[in-house]
Amino acid sequence: EEAEPPKVDAKAREAMFNYWQSQSGGDGLLGPTVEAMMLDEGAAKIDKAERPEIIAMLPPLGGLDVLELGAGIGRITAELATRAKSVIACDFVDVSIKANEATHAHLGNCEFLCADATTMERPDESLDVVFSNWLLMYFTDAEVDELFAKALRWLRPGGYLFFRESCFHQSG
C-alpha cells in the first residue's frame with residue numbers, strides 16, 4: 001500500500017521560508033543572530049535564562065544520536081553536541097545553518113543539514129532523540145501531525161521525542 005504524500009501546505013511553507021530568509025538571510029534585517037532567531041532585541045538575556053531550563057528537561061544524552069530540528073544558528077546545538085554521541089543540526093535557512101556550522105563544526109560530532117523539517121526524511125529507527133524548540137508554531141496542524149508520525153518512525157525503541165514551545169501565537 002502506498003503511503004499518503006506529506007500534508008505540507010506549500011503556500012504556508014513558502015511564506016515561512018520567505019519570512020525567515022528576509023529576517024536572518026544574508027540580506028536579512030538582522031542577519032544570522034540570536035536576536036533574529038528569537039525575534040527579540042533582548043534575546044541574549046532570554047537565552048541565558050532559557051537554555052539551562054531546556055537542557056535540564058532533557059534525558060541524559062551520553063551515547064545518543066540526536067536530530068535537532070529548527071537548529072538555526074546553533075543556540076542549542078553546542079549544548080546537545082557536548083553531551084550526545086552525535087547531532088544532526090537541521091534548519092531550512094541556509095545562512096543560519098552555515099552560521100551554525102561555522103561556530104560548531106570544531107565539536108566534531110555534528111552534521112549540518114539545510115532542510116525543511118516538514119519534508120525531510122531520515123531512516124527509520126536511526127535516532128535516539130528528536131529535539132525541537134520554538135518550531136511547531138510555524139506549522140499547520142496537518143504538518144505537525146505528519147512530523148510527529150515521521151519522528152516516531154525515526155526513533156529507535158526507547159527513544160525520546162522532545163518538542164518545546166513557549167509561545168501561543170506565531171512570531172513575526
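Leu67 touches Ile88, Cys90, Met120, Arg122, Leu127, Val129, Val130, Phe131 and Trp154, leaving aside residues up to four places away in sequence; a contact means heavy atoms within 4.5 Å. The model is predicted, with local features needing pLDDT of at least 70 and side-chain atom pairs counting only at pLDDT 80 or more, while totals for chains, interfaces and linings use all residues. Residues are numbered from 1 along each chain as its sequence is written, and side-chain values use heavy atoms, without hydrogens and water.

Leu67 is also among the residues with the most contacts inside the largest nonpolar core, which has 20 residues. Such a core is a set of buried Ala, Val, Leu, Ile, Met, Phe, Trp, Tyr and Cys residues joined through side-chain atoms within 4.5 Å; buried means under 20% relative accessible area with a 1.4 Å probe, protein chains only.

The largest share, 4 residues, comes from α6. Apart from this core lies another, of 19 residues, including Ile54, Val87, Val129 and Phe131.

The protein chain has 6 helices and 5 strands, taken as DSSP runs (H or I, at least four residues; E, at least two) numbered from the N terminus. Their order from the N terminus is α-α-α-β-α-β-α-β-β-α-β. Of the 172 residues, 46% are buried. Among contacts with a separation of 6 or more, 62% join residues 24 or more positions apart.

Conventions: Buried means under 20% relative accessible area, exposed over 50%, partly exposed in between (1.4 Å probe, protein chains only).
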